[in-house]
Structure formats: C-alpha cells, structure tokens
Amino acid sequence: MKVLHTADWHLGKKLDHFSRLEEQKIVMNEICEIADSQNADVVIVAGDLFDTFNPPVEAIDLLYKTLKRLTNNGKRPVIAIAGNHDSPDRIDSPNPLARECGILFVGNPDVTIPTITIENGFEITQSENGFIEIQLPQYDFPIRIITTPYANEMRLKTYLGAENKEQQLNQLLQDSWAALADKYCDTKGVNILTTHLYMLKRGGEILEEPDGEKPLRIGNADIVYTDCIPQQIQYTALGHLHRFQNVGGHSSPAVYSSSPLSYSFSEAGQEKKVVLIEVQPNEAVKFTGIPLQSGRVLHRKRFENIDEAVTWLLENPYCLVELTLVSDTFFATKDLKRIHESHDGIIFIIPIVTKDGDTEQQTPKVNLDQDIQGLFKDYFVSKHKQEPNDELLELFNEIIGSQAKNE
C-alpha cells in the first residue's frame, strides 16, 4: 500500500506583503500529479491547511479543488487534519458533503467519522473518536489511522479526559493512543498515526520552529516525545515543522514532511518535499522524500555594490529576496529605484552601516563654530552612523536656500 504524506500547506499565506497564492496553485497541482504518477492509495495532510482562521476565498477554493482532485473521484481516501493555523470548526463544517467525495476532515480531536461506503470507492469499516479504519477494494487488509489534530494543551487535556490540570500531556496522549492501538491495531492491517504537534526525540536536539509560525513550544511544556507513540504504529505522519526530517526516538519513522513552499527566509535553501510511504502489515515501512520543484526559491543576498546587486537580480528573476546592502553613505533614491525596478520579488531591503561599532559608545563632539552644512553632516552621522550622500546634501542646501529667500 502506498500512502502520500504532506502537511503545512498554509494556503493564503503571504510573505510580508507578497501573496504566494499563484505559487500555491502550481505546487498543489504538482502534489496531485505526484499522487497520480506514484499510484498513491491514500493521502494524509497533517495540518495547517490554511494560514489563518479566516482564509481568503481563493485559498478556500484552492483547498477544496485540490482535495477533490487528490481523491481520484472518490477512489483514494484523503485524510486532512487541522493544524494550529486552522479553525477546527471550519475544517469540520464541510464533513458530511466532503465524505461523499472521499475527503475525511478531522478538525477537533473529539470528531468521530461515521462508517460509510463510498460508491465505487473505499469503505470506513470501524470508527471512534480519533480513529478510523479504511478498507480499500484493491487490498485484502485495512489501513488504520489514529488522528490527533492540533489543540492547545488545555483543550487536548479536556478532549482526552484529564482528571486534573496537573496531568502530563505526554502521558495522556500516550494512554489515549495506546488504548486505540490496543483495541484496533493488530498485525493484520497497516497502522499509522497522524498529528499536528511539536514532537521530538526525548533527550534529542530542540528543533526550531519556523519564523512567523505560531509557536507550539513554550519552554518545554508543549513538547510531545516520540516515545509516546504506540509500538503498533508503523509510521507517524507529522505536521508543524517546515523542514523534512525523521525526528527519531521510536522504532518506526516519525516524519515531518515539510511545507510545500519556503514560507520564511529562515527556510531559504531548504528542499521541500512530500513523502511516499510503502507499507504492508507487520513489516517496516519504506519512506521516500520526493522533492517539490514548484514555487519561487528564497534567497538571502548581500552586496556592497549597487551594480552587482542589480546584475544578480536581473539574472535571477523568479525568486524572492531578502537583500542586504552594505554602504558607507546613505543610499540615493535613484539607487533604490534601480534596485526595485530590476526585480519584482524583493521582500526586504536591509541597509548595513560599515562604520566602527565603537563610535556608538562615544559621545560625539560637535564643532559649533562650523557652518550649518557642517552641523547637518555631524547630526546625520550621529543619527545614522554614516555620511549623507550628495543627493541629501543638495536637498538640504535647497531647503536652506528657500528659507533664506523667504526671510
């Protein structure tokens, strides 16, 4: 059986002011083509379908069209859980209609998907809060999926039946997952867990959350460890961290598939992927990260020369750029205009002052006997730690000249 794992689509996402929707349309098409070319039997989307609780209409339209296409006319079940960027109620609301198309939404952790037979498709044979068993007509064994969408610690404890607030989240999740696995996940079917949580190996390296991401980890309180995963589980499909990685700490893979696009400059240089899992009952899975080719590459570039910056920008048109410009003097308007006219994907321009940092610690000495132009230069240097350029000096002299005429 082949299962395609993807996550963190963040449909409707902007990088500062720049909309990524057109790129998202292209990469969603690529994911659908991969599902078809790899003959995936099941698709799991592990949370953060949208970027905000109230996504734009275009993002909602893109989600439903993509999921419907992924179902292959109802023959391929698509399980999509809510992440911390999603409104769980919004995710759950289309469930009755979506199920008829082969899309299984899990927004809140206490959602129970009813048993159902999809015409000319698959059958949900067993179901409980946080669990579904699916029988595909082409296999003589089922796939079982334990689902835990994102909820904050307090809500998760409520859903999991915590007797008091002091009970540890890790223990509650471990007990809940173990109860479901012991009840349903024998060796005669494929057993998978999917969740949108901050999960890592106990005692392992703390993994950084993406820039701009709503943080799940506050101190170490919200970390969930992979040793909570039941031994019956053959693969854990994770969402939240945007870099492809197997976090380890369990006998089976616990994998973040990555986001389909780089959504912050801290992700510049990351190769984005979906994961194809090949699995059968009571055997170790084989999983492969399939690189995604769509979307603009993110670059962090640094230049000390405007001409060199413009040349590089013109040679690399289809990307998004955080541009650091180093100079001794304030940039002229004409220079910044050249920069902006050379590229449509400049997100940030960061000016860097090359003056010695020690000057910031010194109290500037001002020569009060000099003319007003000299005083302006001294003020500008004390304020911006760099010399005013000729354009600024000409503008200053023009202002002084007009004031003298008025007097």
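D307 and R338 form a salt bridge (a side-chain nitrogen of Lys or Arg within 4 Å of a carboxyl oxygen of Asp or Glu), with their closest N and O atoms 2.9 Å apart. The pair links distant parts of the chain, D307 in helix α7 and R338 in helix α8, 31 residues apart. This is a predicted model, where local features need pLDDT of at least 70 and side-chain atom pairs count only at pLDDT 80 or more, while totals for chains, interfaces and linings use all residues. Residues are numbered from 1 along each chain as its sequence is written, and side-chain values use heavy atoms, leaving out hydrogens and water.

**The α7/α8 pair**
- Helix α7 (residues 306–315) packs on helix α8 (residues 333–341) at about 15°, the axes being 9 Å apart.
- That makes the two helices roughly parallel (angles under 35 degrees).
- In α7, I306, D307, A309, V310 and L313 meet D335, R338 and I339 of α8 (contact means heavy atoms within 4.5 Å).
- By class, this contact has five nonpolar, no polar and three charged residues.

**Other salt bridges**
- The whole structure holds 15 salt bridges.
- D186 pairs with R144, the closest N and O atoms lying 2.8 Å apart.
- R144 is buried at 4% relative accessible area (buried is under 20%, exposed over 50%, partly exposed in between, with a 1.4 Å probe and protein chains only), whereas D186 is partly exposed at 36%.
- R296 bridges to D344, with closest N and O atoms 3.1 Å apart.
- R296 counts as buried at 12% relative accessibility, and D344 counts as exposed at 54%.

Terms used. Axes are lines fitted to C-alpha atoms, for helices over the stretch in contact, and angles run from 0 to 180 degrees between N-to-C directions. Helices (H or I, at least four residues) and strands (E, at least two) are DSSP runs, numbered from the N terminus. Angles under 35 degrees count as roughly parallel, over 145 as roughly antiparallel, 65 to 115 as roughly perpendicular and the rest as oblique. Ala, Val, Leu, Ile, Met, Phe, Trp, Tyr, Cys and Pro count as nonpolar, Asp, Glu, Lys and Arg as charged, and the others, Gly among them, as polar.
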